[in-house]
Every structure is written in C-alpha cells, then in structure tokens.
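Try each task before you read its solution.

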Amino acid sequence: MRLTSCACWLLLVVIGCAAGDYLPNVVDLDAGPELASAEDCGPGSDAGDTPCPRGFDDPCAALVVRTCEPACHEAAACLAAELTREYQPEQCQAGLDNELTFPACSVSPCQTLVERTCGGDEPTAACVDNPGCQPSLVLRERATDAASSSDDIADAVAACQQALEDAVVFAPCQ
C-alpha cells in the first residue's frame, strides 16, 4: 500500500511538471537587490520596507524555491515542499520555519566530487579511467542510498568533503 501511495504522489508531481506547472514565477528580475528569503523583505525586515519580489510574499513559493533551487529538483525536501504547496498550503509557513525537514538546496559535496573527477554527472569517455572517478561514484551512491542510515549517509558526505580537498587521488578530470 505504501508503494502505491508513494507512486501516486510521484505521479502527481510528474503530471504537474509535464503540464508546465512546476515552479511559479517567483523571482522578478527587476525587483532590485537579490533577497535570500522572505524574511529579507517587507515591513519589519532588516532591509526596512523593501517590497518583496513576486513569490516571496507567498510562503509556499518561498518554500519551494528554498528547497528546489538551484539543483535539487529531485531531492526529497523539494518533492515534500511541492506536495505541501499543492495539498497543505496552510503548512508552508511552518515548513519555512523547519530547516531540518525543508533544508535550503545546495549541491552536495558528493555530487561536486563526481562532476570534478568524472567530467559530469555520469563519467565521460575521457574521464572514466580517472583514478578518482570510480571511488567518487561509490561515495555518491552511499550518500544517496535510501536504505542507508543517517549516520552512514553523514559519513559518506564527510568522506566526499574530505576527498574534495585531496587533489592527488581525486584530481579533476582533464
């Protein structure tokens, strides 16, 4: 039953994406200075009475932007934010206040390591034999394995971060 329920939610997200209803237009390019979050604009903010760009005054749009951009469209937090926006919009502000469940999107150190050592998300022909490529792929797999414990994932991410500092074994592919 759980698999069917998850499959239904995923299908709804895919249908929404295919219909062009993925992300609202939440950034007005002519809105002035770049704002990191909804707290950075409007009355009572550090910026004074700076008006909020379109979307930042909507907690659901801000939640989706925070968890999905720039490279986290397939992350669990992004999918959860989209589902919250769609089915429980009254919970979006609580989601903005919960950075553990809805963390800001950032490229993981493991993904950065794979791209550096393998030439991209998947190994390129020129980089497949790079000594750091295969270990990078293994570390990324460990860091993203849904069956792994939180401690195992944290250990893999820490190993990726450490590997990024090793320019000999994990040299950039050239």
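**Exercise 1.** Is the crossing of α2 and α3 left-handed or right-handed?

*Solution.* The model is predicted: local features need pLDDT of at least 70, side-chain atom pairs count only at pLDDT 80 or more, and totals for chains, interfaces and linings use all residues. Residues are numbered from 1 along each chain as its sequence is written, and side-chain values use heavy atoms, without hydrogens and water.

Step 1. Find helix α2 at residues 59-68 and helix α3 at residues 76-87. Helices are DSSP runs (H or I, at least four residues), numbered from the N terminus.

Step 2. The crossing of α2 and α3 is left-handed (the near helix is turned anticlockwise from the far one by less than a right angle).

**Exercise 2.** At what angle do α2 and α3 pack?

*Solution.* The angle is about 170°, and the axes lie 8 Å apart. Axes are lines fitted to C-alpha atoms over the stretch in contact, and angles run from 0 to 180 degrees between N-to-C directions. So α2 is roughly antiparallel to α3 (over 145 degrees).

**Exercise 3.** Which residues of α2 meet α3?

*Solution.* Step 1. List the α2 side: C60, L63, V64, T67 and C68.

Step 1. Their partners in α3 are A77, C78, A81, E82, T84 and R85. Contact means heavy atoms within 4.5 Å.

Step 2. Sort them. Seven are nonpolar, two polar and two charged.

**Exercise 4.** How many helices does the chain have?

*Solution.* The chain has seven helices and zero strands. Its pattern reads α-α-α-α-α-α-α.

Methods. Helices (H or I, at least four residues) and strands (E, at least two) are DSSP runs, numbered from the N terminus. Angles under 35 degrees count as roughly parallel, over 145 as roughly antiparallel, 65 to 115 as roughly perpendicular and the rest as oblique. Ala, Val, Leu, Ile, Met, Phe, Trp, Tyr, Cys and Pro count as nonpolar, Asp, Glu, Lys and Arg as charged, and the others, Gly among them, as polar.
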